[in-house]
Amino acid sequence: MRRATWFVTAATMGMLIFGCKAKEQTAEAPPEQPKAEAPATPKAATPAPAPAQPEAAANAPAAAPRSGYDHALLRSALVKDKAPETFQVKFTTTRGDFVVSVNRAWAPIGADRFYNLVKHHFYDNASFFRVVPGFVVQFGISAYPPVSAAWEKANIQDEPVTQSNKRGYLTYAKTSMPNTRSTQIFINLKDNAGLDRQGFSPFGVVDAQGMKVVDMLYDQYGDSSGPDQDQISKLGKPYLDKGWPKLDSIKTATLMAPAAQGAKP
């Protein structure tokens, strides 16, 4: 996982590049939310801004977060089971719960990586460190520095885009260089078809009910004043709790039993 800041800039013919800046460039040129540069979509397809929520609503009843981490995560090269053809993951967060349905046929490499990370509780206690209204929610840096270090260079290969980056679809973040996907993931808050042409391959989707929770994730820090990803990796969740205490986080992300799974995505 490269410790960098993921961003979006305008490119030739109005296309988008969702990539990363080197550490030394982070402060000088922070990421910006795409506006006119984004491909035009029907007005109805763009979600309305998330409504303001009372502070009490930020802590919906949920399972307690795990303490510590699975030490199998320190050996990233060995965490490589093949995922089922379809599976579901329950995210229990500080804002509420949502379920992600994964279809391995959409992006087998990405689905396998996600399955293994969830199986070993990589995402437990991790924060939604970048929430850009009307664009994406991003997460996937471990709350624990030793785990982040173990996955820093554990990249996976790119693969064909078989599904569009529609609202609710999950995709790995990556740089403009090939084969730089690792553990960071974003959830599309609207239809971002411009990302399809940049090689972002969706592998799963949040259902409509779950997106009501995703839409409520705290988004008031702003894209340009958010946390530094390199520091998240080095210092873990205490860094976020100190500087950005209102960020929502994942209490647990767990595989659901096959009998509890619903319709395929």
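Good morning. The second largest cavity in this structure has a volume of about 40 Å³. A cavity here is a set of points, on a 1 Å grid over the protein atoms alone, where a 1.4 Å probe fits but cannot get out; the volume is the space filled by probe spheres set on those points. This is a predicted model, in which local features need pLDDT of at least 70 and side-chain atom pairs count only at pLDDT 80 or more, while totals for chains, interfaces and linings use all residues. Residues are numbered from 1 along each chain as its sequence is written, and side-chain values use heavy atoms, with hydrogens and water left out.

Lining residues have an atom within 4 Å of a point; among them are Ser 127, Phe 129, Ile 141 and Lys 237. By class, the lining has six nonpolar, three polar and one charged residues.

I turn next to Asp 248. Ser 127 lies 121 residues from Asp 248 in sequence, yet their C-alpha atoms are 6.0 Å apart. Is Asp 248 buried or exposed? Asp 248 counts as buried because its relative accessibility is 2%, and buried means under 20% relative accessible area (1.4 Å probe, protein chains only). Its side chain reaches the backbone nitrogen of Tyr 218 at 2.7 Å.

Finally, the strands, which are DSSP runs of at least two residues, numbered from the N terminus. Strand E6 (residues 136-139) directs Val 136 and Gln 138 one way and Val 137 and Phe 139 the other, and all are buried. In a regular strand, side chains alternate between the two faces of the sheet. Phe 139 stands opposite Ile 185 in E8.

How values were computed. Buried < 20%, exposed > 50% of the residue type's maximum accessible area, 1.4 Å probe, protein only. Polar contact = N/O pair within 3.5 Å; in protein donor to acceptor, adjacent residues only side chain to side chain. 1 Å grid on protein atoms, 1.4 Å probe; cavity = no way out; pocket = protein on both sides within 12 Å on 5 of 7 lines; lining within 4 Å. Nonpolar A, V, L, I, M, F, W, Y, C, P; charged D, E, K, R; others polar. Helix = DSSP H or I, 4+ residues; strand = E, 2+ residues; numbered from the N terminus. Pairing = 2+ DSSP bridges.
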